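Thanks for making time this morning. I would like to walk you through one structure, beginning with a charged pair and then moving out to the helices and the sheet.

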Amino acid sequence: MALVIEHYVGSTATSGSATAIMRHVVEEIRDRLAITDELPTNPGELQRSFPNWLYRAEHEATSLGMPILIVLDAVNQLNDEGQRLAWLPKKFPAGIALVLS
């Protein structure tokens, strides 16, 4: 069974930023893989640590035989900075598939 993380930009008042997406993805990783490390509260720290969270998730999920799928819907509703996708890591872990729409 795969670990599927979905985020719908604009579905709530607080879901429409790159920071909100990263926070939601990391919260899902923490909850679903029982990781107790604290989530960074500062947006800059969150963005810097985001790739590490993804690699940690891949490691934990791989040990469970579980692929990861991250689906980010309506990224066109992000602000200009968010739409540039510079907040996404340049390289994703091999065990994580990313779908943007």
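Predicted model: local features only at pLDDT ≥ 70, side-chain atom pairs only at ≥ 80, totals over all residues.

Let me start with arginine 32, which forms a salt bridge with glutamate 28, the closest N and O atoms being 3.0 Å apart; by salt bridge I mean a side-chain nitrogen of Lys or Arg within 4 Å of a carboxyl oxygen of Asp or Glu. Both arginine 32 and glutamate 28 belong to helix H1, where they sit four residues apart, about one turn of the helix. Three salt bridges are found in the structure.

Residues are numbered from 1 along each chain as its sequence is written, and side-chain values use heavy atoms, with hydrogens and water left out.

Now to the helices, where helices (H or I, at least four residues) and strands (E, at least two) are DSSP runs numbered from the N terminus. The axes of H1 (residues 18-32) and H2 (residues 43-63) come within 10 Å and cross at roughly 40°, the axes being lines fitted to C-alpha atoms, for helices over the stretch in contact, with angles running from 0 to 180 degrees between N-to-C directions. H1 and H2 are therefore oblique to each other, given that angles under 35 degrees count as roughly parallel, over 145 as roughly antiparallel, 65 to 115 as roughly perpendicular and the rest as oblique.

Which residues of H1 meet H2? On the H1 side they include Met22, Val26 and Ile29, and on the H2 side they include Leu46, Phe50 and Trp53, contact meaning heavy atoms within 4.5 Å.

Turning to the sheet, three strands form an open arrangement in the order S1-S2-S3, with parallel pairing; two strands pair if DSSP finds at least two bridges between them. Strands S1 (3-8) and S3 (96-100) stand at the edges with a single partner strand each, so one side of each is left without a neighbour in the sheet. S2 (residues 68-73) pairs with S3 over five bridges, and isoleucine 70 has leucine 98 in S3 as its bridge partner.

Finally, H2 lies across S2 and S3, running at about 140° to S2.
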